Amino acid sequence: MNNLSPNHTMMSEQQIESQLHFLPRVSAILDREIWIKRDDANGDLLTVGNKQRKLRYLLTDAMRKGADTVITTGGPNSNHARATAAMAIQLGLKPILVLGGQKQESKQGNYLLNHYMGVEVVFSGASTHKEMEQAVNQHAEKIKAEGLHPYVIGVGGSNGLGSLGYVDAYAEMKEQAAAQNVQFDWLFVSAGSGGTIAGLIYGCCLHKDATRIVGVSSGQTVTDIKAKIVSCLEEATAWKGDNQEVHLDDLPVYLHDEYIGEGYGCPTDGGMEALHLLASKEAILLDHVYTAKAMAGCIDYIRKEKVRPGEKVLFWHTGGTPGLFAING
Ligand SMILES: Cc1ncc(COP(=O)(O)O)c(C=O)c1O
């Protein structure tokens with residue numbers, strides 16, 4: 001595993017570690033024991049969230065390969081793109097963002113933060129993940145011809161190497177849970193490009209845990225997310241030199257696309273209820289794009305008694321708070 005260890009010039013493991021704690025008031029209201037893993041508070045506003053756990057591996061790879069430029073993609077308000085730009089700057093690399101959609105008149109949320117960081121942003125007009133990846137690859141070819149050495153990171157930094165950040169995160173959570181004498185029956189997490197949940201699933205298998213993992217899609221169909229998770233798992237096991245295959249269909253993993261509502265980024269009633277609940281009872285902010293919908297899925301499981309009385313729930317907060325400042329409440 002040594003040759004995979006993230007570069008020490010980046011955030012140390014202590015800096016990236018997030019708290020695991022019980023949610024007393026929300027637990028009382030929902031009548032279940034609910035805990036939270038705070039990856040919304042694992043860095044400053046520019047690096048915060050799930051992405052930096054993946055980026056530690058990906059940017060270490062970029063440095064090893066002698067890149068001078070890091071180029072990635074996402075939606076106009078992408079958390080991943082903002083975090084990639086910030087971490088590239090911290091390493092002295094030039095970030096370029098080839099974002100989907102069109103240039104926006106008003107600068108809000110992550111878009112505003114990219115502007116403050118002085119990041120070069122190109123709008124490709126792409127809307128699907130596939131189109132965004134085509135556009136970023138094309139742009140990378142263009143800047144290579146101009147003499148730069150780009151390292152290309154696909155949507156969400158979701159590949160096998162990036163997922164290893166969440167294998168580590170699972171181990172971190174296990175240590176914290178053991179210290180607090182808790183074991184989880186359920187783990188709820190948002191799933192966008194699939195790398196975060198893939199790492200958690202792999203981590204769960206490595207620990208031989210029976211925890212049921214529920215992935216709530218932010219926009220992709222279950223079929224598309226599943227394909228992405230399978231490919232991340234194949235690549236991640238290969239990176240670790242692990243001969244055991246992880247078969248998604250044999251595991252207690254449940255994926256859902258019915259909490260998306262009208263589409264990616266569109267607030268839902270269930271999501272906004274979850275956002276107000278966590279903010280008003282625990283003073284914790286969810287974001288409307290990812291984590292509020294994941295929490296809405298968790299609340300729905302509880303109300304439908306799929307999570308039974310006495311079972312312990314972990315809600316994995318994946319961040320996204322800066323993106324919240326791109327909508328009107
Ligand atoms: C805040 C937040 N939560 C969850 C996700 C989903 O993570 P992943 O793309 O690894 O599935 C993302 C990114 O897409 C995100 O920005």
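User: What makes a salt bridge here?

Analyst: A salt bridge is a side-chain nitrogen of Lys or Arg within 4 Å of a carboxyl oxygen of Asp or Glu. This is a predicted model, where local features need pLDDT of at least 70 and side-chain atom pairs count only at pLDDT 80 or more, while totals for chains, interfaces and linings use all residues. Residues are numbered from 1 along each chain as its sequence is written, and side-chain values use heavy atoms, with hydrogens and water left out.

User: Why is the pair Arg 53 and Asp 39 called a salt bridge?

Analyst: The closest N and O atoms of Arg 53 and Asp 39 are 2.9 Å apart; the cut-off is 4 Å, so the pair qualifies.

User: What are the domains of this protein?

Analyst: Domain 1 covers 2-45 + 159-324 and domain 2 covers 51-156, with bounds from an automatic or database domain assignment. Their centres, taken over C-alpha atoms, sit 24 Å apart. Domain 1 puts 37 residues into the contact and domain 2 puts in 26, contact meaning heavy atoms within 4.5 Å.

User: How much area do domain 1 and domain 2 bury between them?

Analyst: About 2600 Å², with 53% of it on carbon and sulfur atoms. That's the accessible area (1.4 Å probe) the two parts lose on being put together, summed over both.

User: How many salt bridges does the rule find across the interface of domain 1 and domain 2?

Analyst: Two.
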